[in-house]
Structures are given as structure tokens and as C-alpha cells.
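Please look over the sequence and the model shown below before reading on. The briefing that follows goes through its side chains topic by topic.

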Amino acid sequence: MITNPAIDDYVSGLVPERSSLLARLEQEAVEENIPIVQLASAQVMRMLLLLHRPAAILEVGTAIGYSTIWLAEAAPQARIVTMDIDEDRLTRARANVQEAGCAERVEILSRDATLGLPDSYQFDCLFIDAAKGQYRAFLDLYLPLLKEGGLVISDNVLFRGLVATPEEAGKRQKPMVDKLIAFNAHLAERPDLETTFIPVGDGLAVSLKKKIQP
């Protein structure tokens, strides 16, 4: 936890009741140890999308489609492209998106996100929630497909608070934590992005793609 657990529980309790489908997916994620966006973070994302009203969203990291459905519900006007390499989870994601009634707006790709996408794809919102050690690669690949004024939302950027205390990271976690530290610094320093870091859930970075003056 990166916030006081009591505060986190309190804030999560204020999130409006979800559909029975999302509630079921939350339970499955707990029971099967499937990583999904935390509830408080999902609600922040929902508010951002309600304000931004994107027409096209790219999600890097589908899992079982939980966050995909959140995105679709928050942006009913948007086309969504989402990708993952886990075929079993993608099968479940397709069924869940179909059950949510938004399959006609969602393109689910079985694809290694490090391969990029053709330039014909254009988006005004990018949500990154896949392999944490590859966040910089994902940003480099997909930021060129994001329109000026578009949003980049990156989840888990504070990673259990270990980015602030990397010396406490285990041997297996340390390389990933170091990459997240470097990624956060890169976001903060890029002249074409305006970024804020929100200590909610496991940490969200929200970036706005700026127009660079010649």
C-alpha cells in the first residue's frame, strides 16, 4: 500500500457501486491473483475520461478486460484498442467485453506491445498498464500515435512505494523498481509532456501531450 490503508478503504467505499460484471471481475482478480487497476485509480481514470472525452483510446495491457470495461463505460463515444500476449486472459477479456455490451467499440489484439502499431492508428488517450520494466519502451512506441492534447495515463508508477525506498526492494523487484524510477524521471523531464503524479492506488502518472513550439 502507498497510502494509509484506512484512508484507501474509506475512499474506495465512496466509489459508486459497479456493475455485477465488474464486481465479479474484481473478485476473480483477488482469487486468481490477476493484476488489475485498483478501484480508487479506476475512479480517477473515469473522471479524467469524462473530462477529456477521448474519441480513440489505446490500452497497453488487457488482462481479463477489467480496465477495458472501465474505459469503455467512462468514454462511451470512444473506440478502444487494447493488446496483450496472454491468450488465455484475452479469451476471457473478449467474453467479458462482450458481456459488458461494448464489443463493437473494442478491438482486442493478441500482440506483443513492444512491437508497436502502424502509423495508421491514432489516439487521444494512452493507458499503460503492462510489463512495468517496459514502460519507457511503450511510451516511445506509442506517444507518436497520440494526438497533441492527448492524455497518457500510466498505472503502478509508485509500485508499492518502493520507488521512494528502492533499497527496500527485493532482489527480483529491484531492476523493475529502478526502471520505474527512471521512467518517472523521464516523464517529469520531457518538454513535450506535462505530467503529474497521483499517489492513489499503486500510483498514477497523468501526462498531457503538449504542442512544441518551433
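**Briefing on a predicted model**

Asp-86 has a relative accessible area of 30%, so it counts as partly exposed (buried means under 20% relative accessible area, exposed over 50% and partly exposed in between, with a 1.4 Å probe and protein chains only). This is a predicted model, in which local features need pLDDT of at least 70 and side-chain atom pairs count only at pLDDT 80 or more, while totals for chains, interfaces and linings use all residues. Residues are numbered from 1 along each chain as its sequence is written, and side-chain values use heavy atoms, with hydrogens and water left out.

**Salt bridges**

- The structure holds 12 salt bridges, a salt bridge being a side-chain nitrogen of Lys or Arg within 4 Å of a carboxyl oxygen of Asp or Glu.
- Asp-86 is joined in this way to Arg-89, with the closest N and O atoms 3.9 Å apart, and Arg-89 is partly exposed at 25% relative accessibility.
- Glu-28 forms a salt bridge with Arg-24, where the closest N and O atoms are 2.7 Å apart; the two lie 4 residues apart in helix H2 (residues 20–32), and are therefore separated by about one helical turn (helices, H or I with at least four residues, and strands, E with at least two, are DSSP runs numbered from the N terminus).
- Glu-28 is buried, with a relative accessible area of 15%, whereas Arg-24 is partly exposed, with a relative accessible area of 31%.
- Glu-28 also meets the side chain of Arg-92 in a salt bridge (3.0 Å, N to O), and this pair links distant parts of the chain, since Arg-92 is in helix H5 (residues 87–100) and Glu-28 in helix H2, 64 residues apart.
- A network of salt bridges links Arg-24, Glu-28, Glu-32, Arg-92 and Glu-99.

**Aromatic pairs**

- There are 3 aromatic pairs in the structure, where rings of Phe, Tyr and Trp (its six-membered ring) pair if their centres lie within 6.5 Å, and planes under 30 degrees apart count as stacked, over 60 as edge-to-face and the rest as tilted.
- The rings of Tyr-66 and Trp-70 have centres 6.4 Å apart and planes at 65°, so this pair is edge-to-face.
- Tyr-66 and Trp-70 both belong to helix H4 (residues 66–74), 4 residues apart, or about one turn of the helix, and both are buried.
- The rings of Tyr-121 and Phe-123 have centres 6.0 Å apart and planes at 10°, so this pair is stacked.
- Tyr-121 counts as buried at 17% relative accessibility, and Phe-123 counts as buried at 2%.

- Thr-68 is found in helix H4 and is buried, with a relative accessible area of 0%.
- The side chain of Thr-68 makes a polar contact with the side chain of Glu-59 at 2.5 Å (a polar contact is a pair of N or O atoms within 3.5 Å; within protein, one must be able to donate a hydrogen and the other to accept it, and residues adjacent in sequence count only if both atoms are side-chain atoms).

**Backbone angles**

- Most residues other than glycine have a negative phi.
- Ala-63, although not a glycine, has a positive phi of about 55°, and is found in the loop between strand S1 (56–60) and H4.
- Phe-159, although not a glycine, has a positive phi of about 35°, and is found in the loop between strand S5 (146–155) and helix H7 (174–189).
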